[in-house]
Amino acid sequence: MRTSLVIAIVCCVFFTTHSQHTTAQGHATKHGTVNLQTSCSEEAQRHFDTGLALMHHMMYEQAEQEFAAAAEAAPDCGMAQWGIAMSYIHPLWGERPSNDALQKGQAAAESAQQQQNLTDKEKAYIKAVSRFYENWNNTSYADQLKAFEEGYKQVHEAYPDEVEAAAFYALGQLGTAPKTDKTFAKQKEAGALLEQLHASHPDHPGLFHYIIHAYDNPLLAHKAVNVSREYERIAPDVPHALHMPSHIFVRLGQWTDAVDWNIRSADAALRQSSEETVSMHYPHALDYMAYGYLQQGRDKKAQEVVEKMQAVSGYAPSFATAYALAAIPARHALERGKWEEAAALPVRSPENFTWYNYPNAEAITHFARGIGGARSGNIAVAEEALVALDKLRTQLSGSGDTYWASQAEAQHLAVQAWLEFKKGDKGKALAMMREAADKEDALDKHPVTPGAVLPARELLGDMLLLSKKPAEAMQAYEASLKVSPKRYNSLYGAALAAEKSKDKQKAKRYYSELLEISPEADGDRESWVLSKKYVSKK
């Protein structure tokens, strides 16, 4: 039970069917305009449209409720069952649906196929979603996502003017885009298609949402600024729609915007949660909010976010929830350089959460404890963290989760490197830290996170500075800033490295940039005081 009171009527008003009308471009709902005419009754179509719009906003649970209402209004509505099957598929969340969800989705897809009087277009959509569920218990999640992409590619090719088919095809492309491709080829292809459609369908929720995901990378983020700032126009009270623009703001180091939009997202998510369960959109927004505050040096505000997270219970189990619950306190300790605090972080907190389902999130806590232990001289904690990370890495590898297994390997290497450094073997430590940074840099960040909990390349810079190698340290920090512009600690590290390298121009530039992003710094960071002192005397 949550400690915060939720006014039930607000939730009811938000998720009831909204009045809508048909425009030249589709069916307008309170959540944007969608365009997929079904052969179902008028009442079923109204529920279907609302569900479809919510699904494009990735409000999947609420979408499923609307599709179920459509099915109740018209039991012979095959597309209502299509919607139910679609609502269990979350291509960008990095989490395979549970077996229960897969069974329900498969049953819905089969029910859709069995309906009579389906149009050819409806049959094409139903066939596309059915491909995801075919023999799912013997198929890897990666192959399921490929089937999803291929299914909607076929619908798109058969109906090239159909915006919904194109949107789902682009979503499928983003879901299968390799994390190791730093040219972002599939993202570019999907983004180009989505932008072309957005010009003629300016109120379509999926086009806003998926364009942001397509360009959520260092190379392309600038292309989504206008879309990000406009998204709220079509969905001013949808939690995930209010959150999504911050993906781009974070990529560009626009910290005030990242914080402000997630304040609104978190408020909406909490307000619209049920009495029993807190929506995963709430901790997800808090994670981005905390990250933004920490980059501004607003440590007291970040502490308030930690307290907000801890003040409620009954979080909906999901990877996004698990990630936030682990990342928020870890970030708060590590970003401030409070190594003893990081070493003392509790494992699997809160205790009543289903951590055993999320080894990739649990690894964050052990990584933070390990770095904190090594850098504060608590060797026992660092060694415990290494053992835990090794077990989690093995578990992730065994499950076929190569992305998070690689991340856990990089985390393990980073902790081991700092442990070796503390023990005095600087050569070995630097070699291991470089390897950790290379492994992490080979993968783009996951959509669920605003950024690495503590970038390995930045940690390498720290180690090089302590090893009296300021020129090499500056290279490491600048490489970190290319991936994560305007990161507070990377800016400070680059400034300090430049100062120690006698490069006064660069030092002043980086110190000044740090002060520009942190005018309201409210913590006790020595880095902020020294930055201000340097700039004021030069």
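Me: What span should the 22 residues of helix α21 (residues 402–423) have, and how far apart are its end C-alpha atoms?
Reply: This is a predicted model. At 1.5 Å a residue, α21 should span 32 Å. That agrees with the separation of its end C-alpha atoms, which is 31 Å.

Me: How many of the 22 residues of α21 are buried?
Reply: A residue counts as buried under 20% relative accessible area. By that cut-off α21 is mostly covered, and the number of buried residues is 16.

Me: Which residue just after α21 takes a positive phi?
Reply: Most residues other than glycine have a negative phi. The residue that follows α21 is a glycine, with phi of about 110°. It is Gly424.

Me: Where does Phe184 lie, and is Phe184 buried or exposed?
Reply: Phe184 is in the loop between α8 (163–176) and α9 (185–200). Its phi is positive, near 55°, although the residue is not glycine. With a relative accessible area of 4%, Phe184 is buried.

Me: Is Lys502 buried or exposed?
Reply: Lys502 belongs to the loop between α25 and α26, and has a positive phi near 65°. Exposed means over 50% relative accessible area. The value for Lys502 is 74%, so Lys502 is exposed.

Me: How are α25 and α27 oriented to each other?
Reply: The axes of α25 (residues 488–500) and α27 (residues 526–537) come within 11 Å and cross at roughly 50°. The contact is made by Tyr488, Tyr492 and Glu499 of α25 with Ser527, Trp528, Leu530, Ser531 and Tyr534 of α27. The crossing is left-handed. The two helices, α25 and α27, are therefore oblique.

Me: How does α17 run relative to α19?
Reply: The axes of α17 (residues 319–335) and α19 (residues 359–376) come within 8 Å and cross at roughly 10°. Angles under 35 degrees count as roughly parallel, so α17 is placed in that class relative to α19. Residues that meet across the pair include Phe319 and Tyr323 in α17, and Ile364 and Phe367 in α19. The relation of α17 to α19 is roughly parallel.

Me: Which helices do the buried residues of α14 pack against?
Reply: Helix α14 (residues 255–271) has 17 residues and reaches 24 Å between its first and last C-alpha, close to the 24 Å expected. Its buried residues include Trp255, Trp261, Asn262 and Leu270. They pack against α11 (225–230), α12 (239–243), α13 (245–251), α15 (281–295) and α26 (504–517).

Me: Which residues is Leu145 in contact with, leaving aside its neighbours within four places in sequence?
Reply: Leu145 lies in helix α7 (residues 141–158). At 7% relative accessibility, Leu145 counts as buried. Its contacts are Pro91, Phe132, Gly175 and Thr176.

Me: Which residues is Ala63 in contact with, leaving aside its neighbours within four places in sequence?
Reply: Ala63 is found in α3 (residues 60–73) and counts as buried, at 0% relative accessibility. Its contacts are Gly51, Leu54 and Met55.

Me: What distance separates the centres of domain 1 and domain 2?
Reply: The protein chain is divided into domain 1 (33–235) and domain 2 (455–537). Taken over C-alpha atoms, their centres are separated by 43 Å.

Terms used:
Residues numbered from 1 in each chain as written. Predicted model: local features only at pLDDT ≥ 70, side-chain atom pairs only at ≥ 80, totals over all residues. Heavy atoms only, no water. Domains from an automatic or database assignment. Helix = DSSP H or I, 4+ residues; strand = E, 2+ residues; numbered from the N terminus. Expected span 1.5 Å × (residues − 1). Buried < 20%, exposed > 50% of the residue type's maximum accessible area, 1.4 Å probe, protein only. Contact = heavy atoms within 4.5 Å. Axes fitted to C-alpha atoms, helices over the stretch in contact; angles between N-to-C directions. Parallel < 35°, antiparallel > 145°, perpendicular 65-115°, else oblique. Left-handed = near helix turned anticlockwise from the far one by under 90°.
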